[in-house]
Amino acid sequence: MRVYPYPSKSEVRWVSPDWLDENMENVQIIDVQLNVHDYIMGHIPGAVYMNEGLLRVARRRQPASFVPAESIEAVFRSMGISGDVPVVVYSGPGVYSRCAAGMGDGLEQTMVAYALVRFGHRMVHILDGGIEGWMESGRKLTKEFPDVQEGRFRSEIRHEHFVEMEELKSMMGRDDVIIFDARPSPSYEGQAMWIRPGHIPGAHSLPWRRLMTEKNSRLLRDDEELRSLTGGFDLKGKRIIVYCGTGREATNEYLFFRYYLGHPDVRIYKGSFTEWSSYPENPTVTGPDPW
């Protein structure tokens, strides 16, 4: 059985199917599969469905900014979430999504887990391996829906989890700051979907998908592999800034650095490259090197 390295009081914890099975009566389970039809066709018993699209709206030059605190409070309460009850988040590729247009990439569960802590929850669990891990452990899914009661969640924006663009600019080039780009390498190095090519000056490429196993994008690699991926970077005493395209891919690395590795100072640049590249005065760098 895998032993996870974080302290017992960590706000975000990865848990195994065995742990969830033993604690199902004491947690609120959230299914964040790509499509509600995936949930309907099969979900972990007791799980309530949520679509991650509820988390973001357009704001200034950001087409996918987090919704206001009061808006997400109403959503979380309607799902039965309360601040004093631990939450378990999981996702999966989904039977329906495999048959229709595309598959879930696994980021649904880190996106929602990050949103929960960003808006004030302090007991968030991620099911390592997602729905595939649950089924591979011999456990079954259900098509029955739970009777959801109104929750007591109180939303607050916790600013220690992110930085704005001007804050990032003030930190660029400092010896005590290291920046990671969580997008795939081709996006980091050259032209992708954004209006301008490349990456933010000084950012190191660390694609989020490398942290996960090849077969399951919801399952963390073993600790030895994870150490080899991050061991080449000097992180001691540094603030880690993670960004991607819109802030979604960065949630995977943010949670990994802050809660799995226990690094004390990690932030997401929430506007990410979508916001950065929309300002012509912001420089970008192409190619495999940070500068």
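Reply: The radius of gyration, taken over C-alpha atoms, is 19 Å for this protein, which agrees with the value near 19 Å that a compact globule of 291 residues would have; the globule rule is 2.2 Å times the number of residues to the power 0.38. The model is a predicted one, in which local features need pLDDT of at least 70 and side-chain atom pairs count only at pLDDT 80 or more, while totals for chains, interfaces and linings use all residues. Residues are numbered from 1 along each chain as its sequence is written, and side-chain values use heavy atoms, with hydrogens and water left out.

Along its principal axes the C-alpha trace spans about 55 × 40 × 40 Å, and the protein has eleven helices and twelve strands, which are DSSP runs numbered from the N terminus (helices: H or I, at least four residues; strands: E, at least two). Of the 291 residues, 57% count as buried, where buried means under 20% relative accessible area, exposed over 50%, and partly exposed in between, with a 1.4 Å probe and protein chains only. Among contacts (heavy atoms within 4.5 Å) between residues at least 6 apart in sequence, 76% join residues at least 24 apart.

As for the salt bridges, the structure holds 21 of them, each being a side-chain nitrogen of Lys or Arg within 4 Å of a carboxyl oxygen of Asp or Glu. In one of these, the side chains of D84 and R152 meet with an N to O distance of 2.8 Å. This pair links distant parts of the chain, 68 residues apart, since D84 sits in the loop between α3 (69–78) and β6 (87–90) and R152 in the loop between α6 (130–136) and β8 (162–163). D84 counts as exposed because its relative accessibility is 51%.

E156 forms a salt bridge with R122, and here the closest N and O atoms are 3.1 Å apart. Because E156 lies in the loop between α6 and β8, and R122 in the loop between α5 and β7 (124–127), the pair ties together parts that are 34 residues apart in sequence. Both partners count as partly exposed, E156 at 36% relative accessibility and R122 at 37%.

A further salt bridge joins the side chains of R239 and D265 at 3.0 Å, N to O. R239 belongs to strand β11 (residues 239–243) and D265 to the loop between α10 (249–260) and β12 (266–269), so this pair ties together parts that are 26 residues apart in sequence. With a relative accessible area of 22%, D265 is partly exposed. Salt bridges that share partners also join E11, R122, E156, R158 and E160 into one network.

In soluble globular proteins, nonpolar side chains tend to be buried together.
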